[in-house]
Amino acid sequence: MRMSGRTPKGYDILGDTLEGEEMRSAIRAFGDRSFRVNNVVVRQSVLLFPHSFLAWNVNRIEDITIDSLAPFTLLYPTIDILFIGCGKTAPSPPRLAPEIHQFFREQGIVLEVTTSAHAATTFNILNAEHRHVGAALLTMMPPDDVFQGHTLIGARKTEVPALL
C-alpha cells in the first residue's frame with residue numbers, strides 16, 4: 001500500500017457518527033444479564049458516561065462503594081446527577097451506604113437510586129438533552145442466578161447443555 005507522503009489515519013470504529021457532534025451514550029436494549037449500549041452488547045453491569053461507557057465489575061447493590069463509582073468524579077464537566085440502577089427492583093429505602101451519599105453530595109453530584117430500567121430510561125432522555133448525567137447499572141438478574149448447568153428464566157428452570 002502506497003502512502004504518498006500522507007500520514008495514515010487510524011480506523012475509527014464509530015465511523016461517521018462522530019462527524020459534527022460527538023456521539024452520545026444510550027441504552028438501546030437490555031436483557032436479564034446484558035445491556036446494548038449504542039450498538040455494543042455488554043454482558044455485565046455497566047457505567048454510562050455522556051459520550052462513553054465502561055464494563056462495571058459490580059454485581060449487587062451491596063458491592064457498590066465510593067471506589068467503584070470513582071470514575072464519575074473524574075469527568076469534566078462534572079455530572080450533576082448519577083443514576084444508580086439496582087437491577088429489576090429498587091430497594092426501599094435505597095440501601096446505599098450513607099457515606100456514599102455523603103461523598104457524592106460533597107462532590108455536588110445528586111444520587112438517584114432506582115431500578116436499572118428506570119435509571120437507563122431517565123439517563124437516555126437527559127443525556128439526549130445534553131444534560132450532565134451518568135448511570136451505574138446493575139444487570140437485571142445477578143450472576144448467582146446462574147448455577148451448575150441451569151439458568152433461571154422467569155420462574156422456570158431451563159437446562160443448559162454441557163459443553164464437551
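F53 counts as partly exposed, at 26% relative accessibility (buried means under 20% relative accessible area, exposed over 50%, and partly exposed in between, using a 1.4 Å probe and protein chains only). F53 sits in strand β5; strands here are DSSP runs of E with at least two residues, helices are runs of H or I with at least four, and both are numbered from the N terminus. This is a predicted model, where local features need pLDDT of at least 70 and side-chain atom pairs count only at pLDDT 80 or more, while totals for chains, interfaces and linings use all residues. Residues are numbered from 1 along each chain as its sequence is written, and side-chain values use heavy atoms, with hydrogens and water left out.

**Around F53 and L47**

- Leaving out residues up to four places away in sequence, F53 touches S25, V37, V40, V42, V46, L47 and L48; a contact means heavy atoms within 4.5 Å.
- F53 and A136 are 83 residues apart along the chain, and their C-alpha atoms are separated by 9.7 Å.
- L47, one of the residues F53 touches, belongs to strand β4.
- L47 is buried, with a relative accessible area of 3%.
- Setting aside neighbours within four places in sequence, L47 is in contact with S52, F53, L54, W56, S68, P71, F72, A135 and A136.
- There are 90 residues along the chain between L47 and L137 in numbering, yet 6.4 Å separates their C-alpha atoms.

**The overall layout**

- The protein has two helices and eleven strands.
- Reading from the N terminus, the order of elements is β-β-β-β-β-β-α-β-α-β-β-β-β.
- Of the protein's 164 residues, 34% count as buried.
- Take the contacts between residues at least 6 apart in sequence: 63% of them join residues at least 24 apart.

**Helix α2**

- Helix α2 covers residues 116–128, which makes 13 residues.
- From first C-alpha to last, α2 reaches 18 Å, close to the 18 Å expected at 1.5 Å a residue (the expected span is 1.5 Å times one less than the number of residues).
- The buried residues in α2 are S116, A119, A120, T122, F123, L126 and N127.
- An α-helix has 3.6 residues a turn, so residues three or four places apart point the same way.
- The cover over the buried residues of α2 includes β1, β4 (46–48), β6, β7 (110–114) and β8 (133–137).

**Salt bridges**

- A search of the whole structure turns up two salt bridges, each being a side-chain nitrogen of Lys or Arg within 4 Å of a carboxyl oxygen of Asp or Glu.
- One of them joins the side chains of K88 and D32, at 4.0 Å from N to O.
- That pair links distant parts of the chain, 56 residues apart: K88 is in the loop between β6 (81–85) and α1 (98–106), and D32 is in the loop between β1 (27–30) and β2 (35–37).
- D32 counts as partly exposed, at 29% relative accessibility.
- E62 and R95 form a salt bridge too, with their side chains meeting at 3.2 Å, N to O.
- This pair also links distant parts of the chain, 33 residues apart, with E62 in the loop between β5 (53–55) and β6, and R95 in the loop between β6 and α1.
- Both E62 and R95 are exposed.

- Most residues other than glycine have a negative phi, and most peptide bonds are trans.
- N38 is not a glycine, but has a positive phi of about 55 degrees.
- You'll find N38 in the loop between β2 and β3 (40–42), where N38 counts as buried at 10% relative accessibility.
- H130 isn't a glycine either, and has a positive phi of about 65 degrees.
- H130 lies in the loop between α2 and β8 and is partly exposed, with a relative accessible area of 42%.
- A cis peptide bond, with omega about -5 degrees, joins Y76 and P77; P77 is in the loop between β5 and β6.
- S34, in the loop between β1 and β2, counts as buried at 18% relative accessibility.
- Not counting residues up to four places away in sequence, S34 touches V41, V42, R43 and T139.
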